[in-house]
Structures are given as C-alpha cells and as structure tokens.
Amino acid sequence: FGDVVYSGAVVKRGEVDALVYAIGKNTYFGKTAQLVEDAHTTSHFQKAVLKIGNYLILLAAVLVTIILTIAYFRGDPMLETIEFALVLTVAAVPVAMPTVLSVTMAVGARLLAKKEAIVSRLVAIEELAGMDILCSDKTGTLTQNKLTLGDPYVLEGVNTSEVILAAALASRAEDNDTIDTAVLGALKEKLPDCEVPRFEPFDPVRKRTEAEVRFKDGSVQKFTKGAPQVILSLIPNVPDLERKVNQAVQNFAARGFRSLAVAKSNDQGGWTFLGVLPLFDPPREDSKATIETAHELGVEVKMVTGDQVAIGKEIAQQVGLGQNILNASEFGEIKAEELDHLGETIEQADGFAQVFPEHKYHIVEALQTRGHIVGMTGDGVNDAPALKEADAGIAVSGATDAARASADIVLLAPGLSVIIDAIKESRKIFQRMNSYAIYRIAETIRVLLFMTFSIIVFNFYPVTAIMIVLLALLNDGAILTIAYDRVHFSNEPESWNMHRVLGISTILGITGVVASFGLFYLGERIWHLDRATIQSLMYLKLSVAGHLTIFVTRTRKAFWSIRPAKSLFLAVLGTQVIATLIAAYGVFMSPIGWHWALVVWAYSFSWFIINDVIKLISYRFLLKDPN
C-alpha cells in the first residue's frame, strides 16, 4: 500500500493495517464505517436552535393569524395589515440567532486555541461544556509516556543483556516510538554491524514488531518483541513456559509495569522465547490534582488502556481513580438489545483495561445510551471511530493525522490539564450563548405580544414597519459583542434546559409587555400625547428596554454580580445613543425631543430593576433553580 486518505487526512503506509482494522471492526452492532463517519450530524446546539426557532415561529404564526382575522372582520385595509404582518413575522424569526451564537463560539474557539486546544468543529464547544464523562487514555495522558526498563525476567541460560539486545534489534530509532526509545536507551553496548532488509512496525492487529537482520558474517536472523500472549503464540506446545511467563507478567503488572516479551528465530526456523522486559510509565505529576478538579466540575474520568487490569488498577490508585477496572476483552460481541444492560456496568466502572479499538467505540455508545455527554481521548488511527462517535472527540498531543481529522478538539499540550482548561472555557462560552438565547426569545415575545394586543384591543399600530427594522438592526448588531462578555463558569456540566430557557424568556417577555402598555397608558391618558408621538416613544422604549434586558439575562444572580465586558457595555451604549438621537430628532418618525427621551430612559431603567427582581424570583421559586 501507499499513503491513503481517511476522513480527510493522509494516513501513512505504516498505519494502513491499523486503519483497515479500525474500519473493519467498526461494523460493531451492525454499524458500518460510513455510519460512524456520519454520526451526530445534529448536535445538541443545533437541536436547541431549532426548538427556539420553532417556538418563536409558531408564536408569530398564531399572533399574525389573529391580527389578520381581526383586521378582516373590522374591515381594516387588508393590504396595509398584510404588509405589517409580514414585517412582524420577519422580525419574529430569530434570523440573527445562529449567527450570534456561531460568532460567540468562534470567539471562544480563539480563546481555546490560546490554551492549546484547537477546535475543528464549533458545536463541539457546546458538547464539551455539557460533557459529564471523560474516557481518558492512560499512556501519555494520565502518564508521562516516558518508559523506563526495570529488571527483566529471563529464561534459564539467557542473560539480561541478550534479551535487551534482541529487543533493540527489533526496534527502530527513526520511528520515535516510546517503547523503542526506552529499549534502545537501556542498551549498554553498541548494536552489532548489521543490515535490516525487512522491518514490520507495531500495529493493533499483530501487537508486535519483527525485524529481519543480516549480520556482517552473512547470517540472517529474525527478532521480535510485543505483547507476551502474542509472542507466546509463536511458540507451540510450551505450557510450562506459558505458566512461568504469565506469572512473571502478573507480578510486573501488580507493580504497575507493562510487559514486553522478546524472542528470536532459532536454527529450525521457529522462535525461541528469551524473556520479558518490564516497562514503567510513571503518572504525570499533575494527573491526580487534575482528576480531582474534573470531579469538582462534575466530570467523571474513566481510564482507558490496552494494558492489563492489574496495571490499570495500580495506575488508577496512583492518580486517584477507583479500583473498578473492567476487562474490556470480556465484552465480547454484544448485541444491540444488550447495550442498555452493559451500559449500566460500563457506567459504574472507573476504567477499562485490555481495550481494543472496537471496545472504545462500544464504551462511548453504551454511555450515550445512558444519557451521558461523553468525551473520548485518542491518538492513533485506530481511535478514529470512537473519536467520531463521541460527543467530544479529543485528539491528544502527538496524535496521528487520522485521529486529528476524526476529533472535534485537538490538544497541542500533553496531559489532562489542557482538557480541564478547555472545559472551563467552554462553559463560559455556553453561558454567553444561553444568555443571548433568553434575551432574544424575551425580546421577540415582548414585541409580538405588545403589538398584537395593541392592534386587537386598541386598533392601533404602536410602531411602524421602519421602526421594527431599526430595532432589529441596532439590537442584533450590538449584541454580537456578547461573545466577549465576562462570565463565571459553572461547576456542573451545562445543557440546554429548554424548560428554563423558554420559561424565563416568557416571564421576562410578558413583564416587558406590561411595561410597554404602562408607557402607552401614560402617553395617551395621562400626558395626552398624539399617536405619532406615542409611536416614537414606544420605539425608543422598546429599543432601550430591550438592550437593558441583556444585562438582566446575562447572569442568574443580580445584574451587578458580574461586571459586563467593556465591549458589550460600549456597544449597547452606542446603539442606544443612536436610537435616542433618531427618536429625539425624528429620523423616520415623529420627533419627541430630549425631554421625552429622558423620560423614556428613566421609565425603562425603572423597569430594568423590576425585571431583574422578577428574574431572581423566577429562578429561585417558579422554576426551582437551585442556584
């Protein structure tokens, strides 16, 4: 094979076997590689935007239908009514919502990049904010990926240097493989003068390397190193040897050592077992503290490793994880109908050992069936299916091109601490999106209901079509700066609670309708203003009060609890100065002068305080929000 392309990434020739293996095993539960490629085409973010859009469009359709029906029976000019209804419908549809939310995520992605986490799929930011389970690779993520050799187990008649030399001949320095580097680093003598006409690198299928070596005297010999059970399978009918080797491997595993078996070819063309090299990969210094931080953030970390259960338990103990480490090889070929039962077992586990690529994919899918938002780390081409299936696929530092192409987030620094930083930042981004969604829905409800009831009850259009256009342009233009707002990240995974979002929005929207009718009453019955002036008053009130609402929705606590970003404050101030000038001097409307403009500002600010109190009451009591 030459180089091939998988998921948009070039896969080197040495990775082709692993790629074929990963794609072949991806028929697990009847799914093909193509189905995995298409997994999760609709994110939680996209579903939330669709729900919000459907809610507002349905509300607008109902209210416009009522307006047209009332106008018809009243005998109002239908052409004018239809024109106004169309403008109202366009204003009700949250056209700018996807743009604002996408810009918010794009700005957040830039911030994540500064923390050495590159986002390849914007909606993954929202998935990362809601992630409650992280399946983390052991090697290189929880551990340092800096292997050192311990005292090996050797067979009778074989010395330690002979085992290390044979392992070194089955290694290749230019591959920069951590195991090869450790073996070559432990070699106390120079390699003999020789040529290697054939070298087979390690892959997940064979689980061993093999080198054909031609020495200077013309003799040719083969050397291999790899998983003990694989190397033992090369040597038939040796039950006593198998028992001794397995015991040695268990002893190493109990101390946290990985085992690497070594063999060489004999005169009969078969293989001779030489010994077992213990490899120790110490935990990263920050792993334990980072896992504790993850737990504080409501994220459960589950270790995933290809090593033995005993090794997994030892490392889990050192980094502060539980001891319920499952042997993934016992999963077997689980059928789809058994997925939920197995999901409960997987959900309760602290980690998984002896994991193959299809096991990773299976673990992700089983946890998802239990309602979890799952993150999965990986670095190899064989991890691509699991990374693609996960809600937040994370390619760790040094990952292959195929793994990076399948992942949603690519880390440039090793360890879990980068992921924790990314989780915190993503939750801040989610807070900004959530604040905007509540603001946008509340404002749409406010305008729709106020205008509908004004037409139905008073047969009066409180604002003109051009005023609606101005409201949309000024409000949505400035609100883009919410992407830079100051927020505090939550200590719990975030999710789109549509009951809360729509509930708070509706309450604030109805409160705004009451405030608007209050100003309408004052203008017509107390101040005795003409209808054209009242329209200008209402325009300025809807604009000023509307933008003040963002300072209500941006926090679940009192509006002063978190100081807004300077860019957001200045943008809102700038647009409202423009709106005030338009109303005061009568651009596209009847002028109201500075006296009435200041009255509107004072009235709007008073209701801003009232809205904030109502918001606090709603979160605390009506919607049973614990925060």
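Biologist: Why does Val 469 count as partly exposed?

Modeller: Val 469 has a relative accessibility of 38%, and the classes are buried for under 20% relative accessible area, exposed for over 50%, and partly exposed in between, with a 1.4 Å probe and protein chains only, so Val 469 belongs to the class in between. This is a predicted model, in which local features need pLDDT of at least 70 and side-chain atom pairs count only at pLDDT 80 or more, while totals for chains, interfaces and linings use all residues. Residues are numbered from 1 along each chain as its sequence is written, and side-chain values use heavy atoms, with hydrogens and water left out.

Biologist: Where does Val 469 lie, and how far is Val 469 from Leu 88 in sequence and in space?

Modeller: Val 469 is part of helix 19 (residues 465-479), where helices are DSSP runs of H or I with at least four residues, strands are runs of E with at least two, and both are numbered from the N terminus. Although 381 residues separate Val 469 from Leu 88 in sequence, their C-alpha atoms are 9.4 Å apart.

Biologist: How do you know which strands pair with strand 8, and how many bridges join strand 7 (residues 194-200) to strand 8?

Modeller: Pairing requires that DSSP find at least two bridges between two strands; 5 bridges join strand 7 to strand 8 and 7 join strand 8 to strand 9 (residues 220-226), so both pairs meet the definition. Strand 8 runs antiparallel to strand 7 and likewise antiparallel to strand 9. Arg 198 stands opposite Glu 212 of strand 8, and Val 213 has Gln 221 in strand 9 as its bridge partner. Strands 8 and 9 form a hairpin with 4 residues between them, and Gly 218 in the turn has a positive phi of about 95 degrees.

Biologist: What makes the meeting of the side chains of Glu 210 and Arg 198 a salt bridge?

Modeller: The term asks for a side-chain nitrogen of Lys or Arg within 4 Å of a carboxyl oxygen of Asp or Glu, and the N to O distance for Glu 210 and Arg 198 is 2.8 Å, so the pair qualifies. Glu 210 lies in strand 8 and Arg 198 in strand 7, so the pair ties together parts that are 12 residues apart in sequence. Glu 210 counts as buried at 5% relative accessibility, and salt bridges that share partners join Arg 198, Glu 200, Arg 208, Glu 210 and Glu 212 into one network.

Biologist: Why is Thr 143 called buried?

Modeller: Thr 143, in the loop between helix 7 (138-142) and strand 5 (148-149), has a relative accessible area of 0%, and is therefore buried.

Biologist: What joins the side chains of Thr 143 and Asp 281?

Modeller: A polar contact of 2.4 Å joins them; the term means a pair of N or O atoms within 3.5 Å, where within protein one must be able to donate a hydrogen and the other to accept it, and residues adjacent in sequence count only if both atoms are side-chain atoms.
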